[in-house]
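Subject: Handing over the structure

Hello,

Here is the structure I promised to pass on to you. Have a look at it first, and then read on for what turned up in it.

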Amino acid sequence: MGFIASVTSGLLRRRLSATVLVLGALLLQDLTVEAQADSFDPLESTIESVRAALLANSTTCRDVVSSFVARIETFNPTINAIVSLNPDAFTVADELDQRLAAGDSAGKLFCVPILLKDNYDAVGMNTTGSSIALAGNRPSVDTPAVKAFRDEGAIILGKTNLHEMAMEGLSVSSLGGQTINPYDHTRTPGGSSGGTGASIATSFAVFGTGTDAVNSLRSPASANNLVSVRPTRGLISRAGILPISFTQDAIGPIARNIRDLAVALTVMASVGNDEADNATLLVPPEARDIDYTLNLEDGSLEGLRIGLLDGFWNHTESEETTPVIEALASTIDFLKSQGVEIINVTEAVYNATAIAKFDVQQYEFKEVMNNYLSSPNLAGDRPTTWDEVYSSKEFLVIPAQYNFMSNSKNSSTADPGFATAQQGIADLKAAINATFVSNELDAVIYPEQKNLVVRIGSPSQAGRNGILAALTGVPVVTVPVGFSPSTDDAPIGVPIGMEILGLPFSESKLLSIANHFTRLRLLRKTPAFANQTVQMGSYLSMPRMQPNMANIPQAYPIGVLSSQ
C-alpha cells in the first residue's frame with residue numbers, strides 16, 4: 001500500500017505541475033495578447049509608428065485597425081465626422097497579417113489605415129457626396145489614387161462627411177449632418193473636407209484625403225491644426241471623383257505631419273498620366289515619378305525669400321480677426337529670426353474677394369456632374385443627372401448658395417462669361433509668375449482664413465483665401481501657425497493655419513519649407529476632448545456608422561433651392 005500511495009502521490013504531483021504549467025502558459029498567452037493589443041496607440045500615430053509596431057511584432061494589422069475603430073466609436077458621436085466604415089477593412093487587415101507572417105511587409109503604406117472624403121470612388125463603399133440623393137451610388141472601379149493607396153498596402157477604413165457635394169465650407173450635409181470642430185464644439189471644422197479634417201485631428205486614421213475646388217483641402221487643415229497639400233493642377237488624376245469643376249478641382253492628402261503628407265502625395269501622384277483626366281497629360285516628364293520624402297531635410301529656412309500677400313489680411317481687429325493677425329505676426333517674426341527675408345507684396349491684383357469673380361464653378365458644375373453620373377463604372381439606385389439630383393428634394397443647399405445653384409442650372413461653358421473668366425485666370429497666372437520672378441521669391445505666404453473658422457449655423461465659411469491657388473492651379477502647402485486664446489468652448493484655442501504657395505510643380509520645395517517650419521515650431525496639439533488612450537475593442541465585423549442628421553441647423557433646410 002505504501003508503494004501504491006507513493007506512486008499515486010507522485011502522479012498527482014506531476015499532473016498538478018503539468019496543469020500549473022498549462023494554466024501559466026495560457027495566462028502568459030492572454031497577457032501577451034493583451035500587451036500586444038495595448039502596445040499600439042493610434043493617438044497621433046504616424047506611418048512610421050504603424051510600421052515599427054508591426055515589424056517589432058508588438059501588434060497585428062487587425063489590432064491596428066481595431067484600435068482606430070475603437071477611437072471612432074468613442075469620439076465620433078461628439079464630432080459626427082464619419083459617414084461610413086469599410087466592411088472589408090478587417091478582411092484586408094487579416095490578409096496583410098498573413099503577408100507579414102510570411103515576411104512580406106512591402107508597400108509604402110503597409111497596414112496604414114486611412115479615411116477617404118465621401119466623394120472618392122472606392123470599390124465596396126458607396127460614393128454619396130454626403131447627399132441622401134446619392135446614398136445608393138455604388139462604384140465598380142476605384143479612383144486611381146485609391147487604387148494606388150491599396151497597391152501600397154493601405155487599408156481604406158471608411159468615408160468622411162463633407163459639405164454636401166463639396167460646394168461650401170461648413171461641412172453640413174443631408175446624409176452626414178453637421179460635423180463639429182474637435183477643438184471648439186460650437187464651430188465648424190472648415191470644409192468642404194471638414195469630416196476628414198476633424199477625423200485626422202482626432203486620430204481616427206493616420207491620414208485622410210480631401211478635394212479642393214476653392215479652399216477645401218486647406219480650410220480643414222487650418223481649422224483642425226493639420227497640414228495639407230493642394231497639388232499643381234494635373235499632378236494627380238481626378239478620375240472617379242464626384243466633381244464640381246474641371247478647371248478648379250484638385251485632390252490631395254491631409255495629415256498630422258509633413259512626412260506623412262509627403263508619403264501620401266508620392267503615392268497619389270504615382271498614378272501619372274491618365275487619359276480619363278486630360279489635365280494630367282500636360283504635366284512635364286520631369287515632374288513625374290518624384291518621391292516627395294527625399295528632399296524634406298534639404299537646406300534650411302535661412303536665406304529664403306518669402307513674399308507676404310498683404311491683400312489677403314483683414315487688418316481690422318475684432319474678436320474673430322485679432323487671433324489670426326497675431327498668429328501671423330508671430331510667424332513672421334519667427335521666420336525672420338531663422339534668416340528668412342520677408343518681402344511685402346502689395347500689388348492690387350492680390351485681393352481674394354476681387355479675384356473671386358473669375359470663379360468658373362457655376363459654368364462647369366452641371367456638366368461635370370452629368371459626366372460623372374453617366375459613368376458606366378457606377379451602379380445602384382441613384383439619380384443619373386444633375387437635374388434628377390436637385391429635383392429629388394433629398395439634398396441640402398445652404399441659402400447662401402441659392403443664387404449659385406440657379407446660375408449652375410442655366411449656365412454652361414458656352415456662355416460668354418466663362419471665356420471672360422478663363423482670360424482673367426490666364427492673366428492671374430501671369431501675374432503670379434511675374435511676382436515670383438521680379439522679387440526672386442521661393443514662396444508666398446498668407447493666412448488661410450482672415451478670421452477664425454466660423455461658428456455652426458453661420459451663413460457661410462467667410463474670410464477664406466484659397467481662391468488664388470484654385471484658379472491658377474499652383475501648389476499650396478498649409479501648416480499650423482497657432483491658436484486663438486483658450487476659452488470655455490475652446491480649451492486650447494481655435495487652430496489657425498497659413499498657406500505656403502509656390503510656382504507650378506514646386507511641391508518638393510514647399511514641403512521642405514513646411515517640414516523645417518513645423519519641426520522648428522511644434523504647434524500640433526491633440527483636441528482636448530479626445531486626448532486620451534482608448535481601450536481597443538474586439539470586433540468580429542465592422543460596426544455600422546449612423547451619422548447624426550438631427551444636428552443640422554434649422555438655417556439650412558433640406559430639399560430647398562430658393563428662399564421663395
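Among contacts in the protein between residues at least 6 apart in sequence, 78% link residues that are at least 24 apart. Please keep in mind that this is a predicted model.

As for the overall build, the protein has 16 helices and 15 strands. Its radius of gyration is 25 Å, close to the 24 Å that the globule rule gives for 564 residues, so the protein is as compact as a globular protein of that length. Taken along the principal axes, the box filled by the C-alpha atoms is roughly 110 × 60 × 50 Å. Of the 564 residues, 59% count as buried. The accessible surface comes to about 22000 Å², and carbon and sulfur atoms account for 53% of that surface. On the charge side, you will find 38 positive and 57 negative side chains, with the centres of the two sets 4 Å apart.

S192 sits in the loop that runs between β6 (177–178) and α6 (194–201).

C111 is a residue other than glycine with a positive phi, near 60°. You can find C111 in the loop between α4 (89–101) and β2 (113–117). K393, also a residue other than glycine, has a positive phi near 65°, and its loop lies between α12 (386–389) and α13 (402–410).

Are these two residues buried or exposed? C111 has a relative accessible area of 0%, and because buried means under 20%, C111 is buried. K393 is at 57% relative accessibility, and because exposed means over 50%, K393 counts as exposed.

Finally, take a look at A490, which belongs to the loop between β14 (476–483) and β15 (495–501). A490 counts as buried, at 1% relative accessibility. Which residues does A490 touch, not counting those up to four places away in sequence? They are Y183 and D184. Along the chain, A490 and F529 are 39 residues apart, and their C-alpha atoms are separated by 10.0 Å.

Enjoy exploring, and write back with any questions.

Best wishes

How values were computed
Residues are numbered from 1 along each chain as its sequence is written. This is a predicted model: local features need pLDDT of at least 70, side-chain atom pairs count only at pLDDT 80 or more; totals for chains, interfaces and linings use all residues. Side-chain values use heavy atoms; hydrogens and water are left out. Helices (H or I, at least four residues) and strands (E, at least two) are DSSP runs, numbered from the N terminus. The radius of gyration is taken over C-alpha atoms; the globule rule is 2.2 Å times the number of residues to the power 0.38. Buried means under 20% relative accessible area, exposed over 50%, partly exposed in between (1.4 Å probe, protein chains only). Contact means heavy atoms within 4.5 Å. Accessible areas come from the Shrake-Rupley method with a 1.4 Å probe; for residues, only the protein chains shown count as cover. Lys and Arg count as positive and Asp and Glu as negative; His and the chain ends are not counted. The place of a charge is taken as NZ of Lys, CZ of Arg, CG of Asp or CD of Glu.
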